[in-house]
Amino acid sequence: MKDLTDDMDSGMDPAAMQSLYAKALYRLRESRKALLNRYGVSDEAQLLDRIRAGEVSEHPAYEHYLSALIMEQGRQQLREEMLVRFGSKAAEEVPAISVHMMLQERLEEAYANRLTEPVALAQDALLLSFDTGLMMEARYFSKEEFSLQWSWGEAELRLDTAPVHGECKGFPRHLHRDDGTVVEDPVGVAAEDPWEGISRLLDVLLVDPLLDNR
């Protein structure tokens with residue numbers, strides 16, 4: 001999404017610019033629709049109900065649930081920006097809708113000396129690579145709903161909020177360890193906003209990527 005607007009400049013033909021926006025909006029809409037269709041549902045709430053009821057596997061269904069929400073969030077952000085470029089809306093009136101666009105900017109600023117490449121903003125996820133070998137795929141829709149998957153060497157872990165592990169303190173937050181066990185969130189990712197949550201986890205992982213000391 002940010003890549004789309006980065007490719008535009010004031011000298012671009014307005015018709016070509018509108019075409020780029022239209023294509024991006026179409027791709028986001030159709031990708032979301034295709035994702036939901038895989039589960040035989042028409043919206044995200046229905047998919048979450050199926051996950052909660054155990055009718056589909058927790059993963060990757062929960063990531064797909066978040067992906068659908070994030071793509072719609074991104075589509076709304078692009079629509080607002082389009083109104084600024086081609087409508088009567090002032091730039092300062094555009095709300096910050098996309099959590100991922102906000103996080104991408106703050107992550108690149110805060111971890112500039114640790115990232116091995118710029119944070120990649122995909123349709124539905126943020127992709128991060130660090131100088132310790134830590135790699136993360138983040139889906140952060142809101143402070144209450146997220147899935148943070150990371151790898152370090154051969155190990156893979158995930159901290160998420162899929163509502164299926166009620167036995168874990170801090171439910172719905174829980175950690176999938178590399179050995180397959182599921183435990184409560186040992187970091188305390190719950191925060192007032194997504195930035196506080198993801199930065200808190202990253203600060204720990206850059207020192208202890210497998211959470212061995214937690």
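This note goes through the sheet, the helices packed on it, the salt bridges and the nonpolar cores.

1. **Basis.** This is a predicted model: local features need pLDDT of at least 70, side-chain atom pairs count only at pLDDT 80 or more, and totals for chains, interfaces and linings use all residues. Residues are numbered from 1 along each chain as its sequence is written, and side-chain values use heavy atoms, with hydrogens and water left out.

2. **The sheet.** An open sheet is built from 7 strands in the order β1-β2-β3-β4-β5-β6-β7, with antiparallel pairing. The edges are β1 (120-121) and β7 (182-184); each has a single partner strand, so one side of each lacks a neighbour in the sheet. Helices (H or I, at least four residues) and strands (E, at least two) are DSSP runs, numbered from the N terminus. Two strands pair if DSSP finds at least two bridges between them.

3. **β2 and β3.** Strand β2 (residues 126-129) pairs with strand β3 (residues 135-140) in the antiparallel sense, over 4 bridges. Within β2 and β3, Leu 127 stands opposite Glu 137.

4. **Helices on the sheet.** Helix α4 (residues 58-86) lies across β3, β4 (146-152), β5 (155-160) and β6 (174-176). Helix α4 runs at about 120° to β4. Helix α6 (residues 194-205) also packs on the sheet, where α6 touches β2, β3 and β4. The direction of α6 makes about 160° with that of β3. Contact means heavy atoms within 4.5 Å. Axes are lines fitted to C-alpha atoms, for helices over the stretch in contact; angles run from 0 to 180 degrees between N-to-C directions.

5. **Salt bridges within helices.** The structure holds 11 salt bridges, each a side-chain nitrogen of Lys or Arg within 4 Å of a carboxyl oxygen of Asp or Glu. In helix α4, Glu 72 and Arg 75 are 3 residues apart, about one helical turn. Their closest N and O atoms are 3.1 Å apart. Both Glu 72 and Arg 75 are buried; buried means under 20% relative accessible area, exposed over 50%, partly exposed in between (1.4 Å probe, protein chains only). In helix α2 (residues 14-37), Lys 33 and Glu 30 are likewise 3 residues apart, and their salt bridge has its closest N and O atoms 3.3 Å apart. Lys 33 is partly exposed at 40%, and Glu 30 is partly exposed at 24%.

6. **A bridge between loop and strand.** Asp 124 and Arg 139 meet in a salt bridge (3.3 Å, N to O). Asp 124 lies in the loop between β1 and β2 and Arg 139 in strand β3, so the pair ties together parts 15 residues apart in sequence. Asp 124 and Arg 139 are both buried. Elsewhere, salt bridges with shared partners join Arg 29, Glu 30 and Lys 33 into one network.

7. **The largest core.** A nonpolar core is a set of buried Ala, Val, Leu, Ile, Met, Phe, Trp, Tyr and Cys residues joined through side-chain atoms within 4.5 Å. The largest one has 32 residues. Those with the most contacts inside it are Leu 107, Leu 128, Met 136, Trp 150, Ile 198 and Leu 202. α5, β2, β3, β4, β5 and α6 each supply at least two residues. α6 gives the most, with 6 residues.

8. **Leu 202 and the second core.** Leu 202 touches Leu 107, Tyr 111, Leu 128, Phe 130, Leu 134 and Met 136, not counting residues up to four places away in sequence. A second, separate core of 15 residues includes Leu 48, Leu 66, Ala 68 and Leu 69.
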